[in-house]
Each structure stands twice: as structure tokens, then as C-alpha cells.
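Please look through the structure shown below before reading on. The notes that follow begin with a single residue and then widen to the rest of the chain.

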Amino acid sequence: MRDLRAIAEAAGRPSRLRTTLYGPVGAERTEAARAGDGQLPELLPVLGTGTGGGR
């Protein structure tokens, strides 16, 4: 969230959270976004790499 906000500010654009339909975001979702800022989920390994043409 912090990085996206910096990009928007550098472009002279406002930064605000929105839903997928561009509606306003409630306080609960805003707090969840702030709490998770900078934390990436544990990713699963990519299978099938290195042989078989990516299959």
C-alpha cells in the first residue's frame, strides 16, 4: 500500500482505496490493508519448471 501511494503521489494523483467496482472502502477494509502493508503471503513453489516445456 505504501509503495502504491508513493507512485500516485509522484504522478500528482490522489491515492485512495477502492473496491473492485471503484466504490468507497469501509473502515474495516482500510485497517486490514494498513495492517497487511509490506507483508507478502508465503507462495507455493512453481511446479514443472526446468523440463517438459513448462508443463
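Thr-30 counts as buried in this predicted model, because its relative accessible area is 18% and the cut-off for a buried residue is under 20%. The residue belongs to helix α2, and, once residues up to four places away in sequence are set aside, Thr-30 touches Leu-17 and Val-25.

**The chain as a whole**

- The protein has 55 residues, and buried residues make up 7% of them, a group to which Thr-30 belongs with its relative accessible area of 18%.
- In terms of secondary structure, the protein contains 2 helices and 0 strands; the helices are α1, which covers residues 2-10, and α2, which covers residues 27-35.
- The accessible surface of the protein amounts to about 5,300 Å², and carbon and sulfur atoms account for 56% of that surface.

**The start of the chain**

- Met-1 lies in the segment before α1, and with a relative accessibility of 25% it is classed as partly exposed, because this value falls between the limit of 20% for buried residues and the limit of 50% for exposed ones.
- Which residues does Met-1 contact, leaving aside its neighbours within four places in sequence? They are Leu-17, Ala-33, Arg-34 and Asp-37, and Leu-17 is also one of the residues that Thr-30 touches.
- Although Met-1 and Ala-33 are separated by 32 residues in sequence, their C-alpha atoms are 7.2 Å apart in space.

**The loop between the helices**

- Tyr-22 sits in the loop that runs between α1 and α2, and it has a positive phi of about 65° even though it is not a glycine.
- Is Tyr-22 buried or exposed? Tyr-22 counts as exposed because its relative accessibility is 63%, whereas the cut-off for an exposed residue is over 50%.

**The largest pocket**

- The largest pocket in the model has a volume of about 310 Å³.
- Its lining includes Met-1, Leu-4, Arg-5, Ile-7 and Ala-8, and it also includes Arg-13, Pro-14, Ser-15, Arg-16, Leu-17 and Arg-18.
- How many of the residues that line the largest pocket are nonpolar, polar and charged? The lining divides into 6 nonpolar residues, 1 polar residue and 4 charged residues.

Terms used:
Residues are numbered from 1 along each chain as its sequence is written. This is a predicted model: local features need pLDDT of at least 70, side-chain atom pairs count only at pLDDT 80 or more; totals for chains, interfaces and linings use all residues. Side-chain values use heavy atoms; hydrogens and water are left out. Helices (H or I, at least four residues) and strands (E, at least two) are DSSP runs, numbered from the N terminus. Buried means under 20% relative accessible area, exposed over 50%, partly exposed in between (1.4 Å probe, protein chains only). Accessible areas come from the Shrake-Rupley method with a 1.4 Å probe; for residues, only the protein chains shown count as cover. On a 1 Å grid over the protein atoms alone, a cavity is a set of points where a 1.4 Å probe fits but cannot get out, and a pocket is an open set with protein on both sides within 12 Å along at least five of seven lines; lining residues have an atom within 4 Å of a point. Grid points are joined across faces, edges and corners, and a volume is the space filled by probe spheres set on the points. Ala, Val, Leu, Ile, Met, Phe, Trp, Tyr, Cys and Pro count as nonpolar, Asp, Glu, Lys and Arg as charged, and the others, Gly among them, as polar. Contact means heavy atoms within 4.5 Å.
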